[in-house]
Amino acid sequence: MKNKSKIIGIVVVALLIVLGSSFTSLINFITDYKWFSELGYEKTFMTKLVTQIKVGVPTFIIIFALITTYILSIKKNYYKEANIMTNKRSEKRLNLIFVLVSGVVSIFLTSNVASKLWFTILQFMNGKAFNVTDPIFKKDISFYVFKLPLIKEIMGMVLLLAVILIAITVITYLVLLSIRRPAEENMSNVYELSSGRRAPSVFSKKILNVALLQIGLIGFVIFIVIGINSILRSYSLLYSARGVAYGASYTDVHVTLWLYRISAVIAVLSAIGFIVGVVKRKPRWAIAGPVLFIAITILGNIGEGFVQKLIVEPDEISKERKYLNYNIEFTQKAFGLGNVKQEDFDLKDNLSKEVLDRNADTIQNIKINDYRPLGQVYNQLQGIRTYYQFNNIDIDRYNIDGKYTQVFLSARELDQNKLNDQAKTWINKHLKYTHGYGATLSPVNSITPEGQPELLIKNIPPVTNTNLKIKRPEIYFGELTNDYVIVNTDEKEFDFPQGSDNKETIYEGSAGIELNTMNKILFAIKQRSMKILLSGNVNSDSKIILYRNVRERINKIAPFIGYDKDPYLVINEEDGKLYWIIDGYTATDKFPYSQKYKNHNFNYIRNSVKVVIDAYNGTTKFYIFDENDPIINTYSDIFSDLFENKDNMPKFIRMHTRYPQFLFDIQSDVYKIYHVNNPMVFYNKEDVWDKAEETYMEGQQEVESNYLMFKIPGEKQKEFLLTVPYTPSNKPNLTGLFIARNDGDNYGKLLLYKFSKEKTIQGPNMIESRIDQDASISPQLTLWGQKGSTVLRGNLVIIPIEDSLLYVEPIYIQADTKNSIPQVKKVIVSYKNKIVMENTLKDALAKLFDYKQTKPDTKKPTTPSEPQIISGDVNTLIKLANDYFVKSKEASQAGDWATYGENIKRLEEVINQLNNLSSKE
């Protein structure tokens, strides 16, 4: 009875420990289920648990039955050979111990299988065909992406189980020998060791024979698994980095592949030899296979090196041509570059005022603002209060008053970290300051006379003179909403500042989980805050809103998808509500022959999903945007309630989907090399490109991909496009313009404009050099950059207009004072061999093409002055030059750009006169 009580006590304590450690997991499970149910994704949430149960239960039963049967069979054979007489009571206790050991080992192995392999199993069962076969083994790519990973995992688990069984065998015999010693009459027949000494008497010959047979059977299984793994390793050659390109090379196919196949045969022979050697007590048979296996591996490695050095490298291009073709073809397919439309751009440079007038829509959308300094401008001009923050500037297009217009916009979010320390109370953080408010929007091409963006939507509440109205400005879900809030409490929420007072509101949306008594307890435990349970402000109508950060939210729902780091805001023109769009990606590193992207662990990627989140209600929808992607189609079958077809996407959202910059940047990086289809050119790296470089702000950088709006030559309407320029490797001239289309049925189409190699087309850095060397522009930039202000050079954009190219770069000036705002002060425009810098784009175009504006641009009115004739000796002219320099510097620091320009003009005249005097001497 005492022993029984001890056992019961131990079991109770163990259960309490397990329950205690599982309590948090149980609370998280229940609250997460409620949250998924609120969103309508119960099946998605339960898929993991149901699959783990379906996999785990039979796996546990099989492993438990195998191990238990195996251990009991060891005991039975041991008792038989050792002539052990048993006591039922003691045997019952020993059997219980063995069963418990089997249970622990089975739970360990089962938990590994269920927790790590549930998703791999579902992919194996639901995997969709790629309808592309690899060129070596002729298997569909789905085999490598969905099937092979599980097969490898199963082989690994079998190998682990075999090793555990060996350990169990040894330990079980040692335990039995220590507690159930064989009868004396069984001790006489013992082994003699090679030294002539006799083995310890506890090792009966019969018992040892049985033990060795059991280990032999396990060894047989291990060698069979090694043989299977050798076959599986042959598939890894499709990702070999040995040759001149990624994927199986000549040596891999003609040597290494056969080495793996021979190794597989040897492993099978080793399995047979091992068990025969153990049974017949012939050690040479047992070790012959492993020795031969090692020898083949060593000889194979030598053979590989021999073939590579003496056969392949002397004739590399001939031997590797076929495999180079595979690498080019499969890399293009894997990164979505197989259908890039390449067109020669016949540059004629015949722009005129008439051509510009025909392309007025393009001219009116040329970007002269830059999103990077714009974030600072928005925060200082439209932040209103310290706790409001514009986290990110988004780029989009809208029909504003009937005109298709490219714009910048950003959500005004509430950053609780910027509340005063005294205001960071539980009530303020979770009940009071619950949401941001509205957005700011400005066209990419419009600036005020002060050099600031022209704000079409601004202030709190949002004000606009356009057709674009924000009617539901509250932002409960965003990029900075990092904590839970409780709405519909007795404490009204802060809505927005109104003069010296604050406007308050009550949440009217559908988001949130009702806080009844049980839910209060659950979420108080989950959030580790008893205030949820005890606060008098939380009533029966209150709701808790969780996972409000949009990126955290979607990762919680579907962590198996990769997400863009840049969610972008959309204003619904129809109902005035705010939404977020986030691009989702499917990727794998198992696409044969496809080159891995830089240091990232993938060689296949698709923008397969667009996620749309209501900024007020938190409704989260996943739309499949690439129906041809087998990975997302596989996920769709696994999570049947999660994904919707893109045809179900609301029309206004569809109009604002963008080709993601993240994907385009990857594709444009890969295409620098893989635009080549000729293996000889590819091998010799004769036509490698670089992304163009430019002077940006105060330094040199690679040109970022840019969303621009222009009319593709041959098309009737301007489009919202994503572009990046290419130059030949280590050269500055323009060789290509890579474009992704965004609008309507053309969404996702890739286009490459190739420029003639027979003449030099100016690249961005060549334009930047001309700016630095221009006798009129460079001195002004230098003077502005003197003490008291900083010159910031914006992004240089290349705009194709019919059969010509126009280059545009904004110039910002920022005073060297605290909280100063960058201002667009000048616009540089270049065409052919001309380059001008004026106050506005219109002024610059008028000067560049020598025509008068029908409506003069009044952004920066200046007083025209008569030209002066300056004369005098050298000393007088030097003094004048110094005076004009000082006056221009003072004018720039004071922001008097008209006076500054006048003095610069005078300075140029003095310098010219000095040059004339020098030439005469």
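A residue is called buried when its relative accessible area is under 20%, exposed when that area is over 50%, and partly exposed in between, with a 1.4 Å probe and protein chains only. By this criterion both Trp 35 and Phe 36 are buried. The model is a predicted one, in which local features need pLDDT of at least 70 and side-chain atom pairs count only at pLDDT 80 or more, while totals for chains, interfaces and linings use all residues. Residues are numbered from 1 along each chain as its sequence is written, and side-chain values use heavy atoms, with hydrogens and water left out.

Of the 921 residues of the protein chain, 53% count as buried. The chain has 24 helices and 32 strands; these are DSSP runs numbered from the N terminus, helices being H or I with at least four residues and strands E with at least two.

The aromatic residues may be considered next. Rings of Phe, Tyr and Trp (its six-membered ring) pair if their centres lie within 6.5 Å; planes under 30 degrees apart count as stacked, over 60 as edge-to-face and the rest as tilted. The whole structure holds 52 aromatic pairs. One of them joins Trp 35 and Phe 36 edge-to-face, at 5.3 Å centre to centre and 90° between the planes. Trp 118 and Phe 119 form a tilted pair, with 5.4 Å between centres and 50° between the planes. Trp 118 is buried, since its relative accessible area is 13%, and Phe 119 likewise counts as buried at 15% relative accessibility. Ring pairs also link Phe 130, Phe 146, Tyr 323, Tyr 326, Phe 330, Phe 591, Tyr 593 and Tyr 604 into a cluster.
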